[in-house]
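Reader: I am new to this structure. Please take me through a few of its features, one at a time.
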Amino acid sequence: MTLTAPRPDSRIRDGRLDPEVIRRDFPILATESHGHPLVFLDSASTSQKPLAVIEAVDTYYREYNANVHRGIYEIGERSTAAYEAARSAVARFINAPDAHEVVFTRNATEAINLVAYAWGRKNINRGDAIVLTEMEHHANLVPWQLLAQERDGDLEFIPITDDGVLRQDVYDVLLRLKPKLVAFTHVSNTLGTINPVVEMTKMAHDAGALVLIDGAQAVPHVPVDVQAIGADFYAFSGHKMLGPTGSGALWARRELLEAMPPFMAGGDMIRDVHLRRSEWNDIPWKFEAGTPDIAAAIGLGVAADYLRELGMERVRDHEQELLTYALIELMREHPDLELYGRMDATIRCGVIPFNVPGVHPHDVAQVLDRSGVAVRAGHHCTMPLHERLELDATARASFNVYTTKADVDALVAGISEVKRIFG
Amino acid sequence: MDDLYRDYILEHYRRPHNFGVLEDANVSQEGANPLCGDRITLQLRVHDGVIDAVGFTGRGCAISQASASLLTDEIKGKGVDAAAAMKSTDVLDLLGIEISPARMKCAMLSLETLQGALEPTVAAAEGRA
């Protein structure tokens, strides 16, 4: 090991996260970019990975690489046990009542597509309404467009206020259409808005609709308890919550998963195969055709345990404090900066979309990059949201457990450099 | 930093040449990079196989705007065939800066729009239309 991992308890001091200590768990944060220390402010795209996750993947390939659910030999049994232990870790992380309700997928996108395909094609018929929102990531929009086209269903959208909060009054009206499904994001990937998922789920259930929540931007940043939320489907990516790319999961209630036909077909998802018919495996394996990304799943389990040890309440506190600091610093140092979303850290995660007046966000990101600051520029896979806000594109800074005030300071200084060049 | 945002690039961005609506254009083409939000409308006045006037409107990043400014300067007075034969390397030469792969689409938007604009004209000349 080239890095000395800090003592676990020192990551938490006086009940609060110490990001300076946590940073040392992330080898990439010790690297440089364009001759400057890397300031990674694009965690909403994908997070960095702690050494524990990197080593878990490495150990799997070095010591017990073997397919799961097949090998009657030592390392095959070990890989199967590790893969299923990872499923249990993920279930604990979201407080799922039963680990068999957790299906491993490549990412949130695949999890949502699974539901749109397997549940949607069976349950959505001509004229059935699906309620979505104007702030959805394309991953929770386009699969429903395809489904609605194929099944002749209707899509309805909960609008947002100008500062990026869902219009609950309009949602209430849309529910009178008796939709079959309401699908919405827990946390907006572009504005950071935290939606009132418990209330919205209850409203949907009262109207007779099932609820799918896109949790991709929530699981890394806020405590998620699927039982407390009460939703029917909860989809998320592993790679945004410190896990490897290629990892993600769908949680769904057992009876829903059992009633759904398979998504992909092939090996491992069957119990019995004849030439002209087959019987499906039990859940969750019914939905995991073919060799899965075993290493990524094992890494995701470790990431879930890492976050659980930090404590998601503490993670939330850290990011709320940092967001408040960042919004104040940005407004103070750059009063002309265009900031979007609600200026209220209590209902917002660490996501800051912005524009420097007169400068295209690509140029903003390019200048920031030269000082080692990585932000995203573009539409962040929310083109309808940008259209609603009448924006071509935005730059976006986003946080995670390892983000510090020094990172925010580097962003503030970088924006001064943007203005100097384009001033 | 100076290698990308050189003064002349920023100058073309702030005060692009040939920017504006060409009232008597007989060729008009729109181009966009929806992923970035760059848009351009390119207008040409073609007379006897020669581009004798050119204008463009739109918005985008410094690279896409500077490249449109430089390219429109370059094609003014050029024959349609010669303009249609221009390649991405010609645009990179005009820009004179190193363009990273991530910014290539920004740099090439005006050229792709030009090629789209001239395609019917060239096809007609070759008897393909």
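Author: Start with Asp268(A), in the loop between α9 (254-259) and β13 (270-273) of chain A. Helices (H or I, at least four residues) and strands (E, at least two) are DSSP runs, numbered from the N terminus. This is a predicted model: local features need pLDDT of at least 70, side-chain atom pairs count only at pLDDT 80 or more, and totals for chains, interfaces and linings use all residues. Residues are numbered from 1 along each chain as its sequence is written, chains are lettered from A and ligands numbered from 1 in the order in which they are written, and side-chain values use heavy atoms, with hydrogens and water left out.

Reader: Which side chain of opposite charge is nearest to Asp268(A)?

Author: Buried means under 20% relative accessible area, exposed over 50%, partly exposed in between (1.4 Å probe, protein chains only). A salt bridge is a side-chain nitrogen of Lys or Arg within 4 Å of a carboxyl oxygen of Asp or Glu. Lys and Arg count as positive, Asp and Glu as negative; His and the chain ends are not counted. Asp268(A) is buried but has no salt bridge: Arg70(A), the nearest side chain of opposite charge, is 4.2 Å away.

Reader: With which side chain does the side chain of Asp268(A) make a polar contact?

Author: A polar contact is a pair of N or O atoms within 3.5 Å; within protein, one must be able to donate a hydrogen and the other to accept it, and residues adjacent in sequence count only if both atoms are side-chain atoms. Here the partner is the side chain of His69(A), at 3.0 Å.

Reader: How do I read the backbone?

Author: Most residues other than glycine have a negative phi, and most peptide bonds are trans. Cys381(A) has a positive phi, near 60°. Its loop runs between β18 (376-378) and α13 (383-388) of chain A. Cys381(A) is partly exposed, at 22% relative accessible area. Asn18(B) also has a positive phi, near 65°, but counts as buried at 18% relative accessibility.

Reader: Is the peptide bond from Ile283(A) to Pro284(A) cis or trans?

Author: That bond is cis, with omega near 0°. Pro284(A) sits in the loop between β14 (278-280) and α10 (294-310) of chain A.

Reader: Why is helix α12 of chain A largely enclosed by the rest of the structure?

Author: Count its buried residues. Eight of the 10 residues in α12 (residues 361-370) are buried, so the helix is largely enclosed. Among them are Pro361(A), His362(A) and Leu368(A). Just after α12(A), Gly372(A) takes a positive phi of about 85°.
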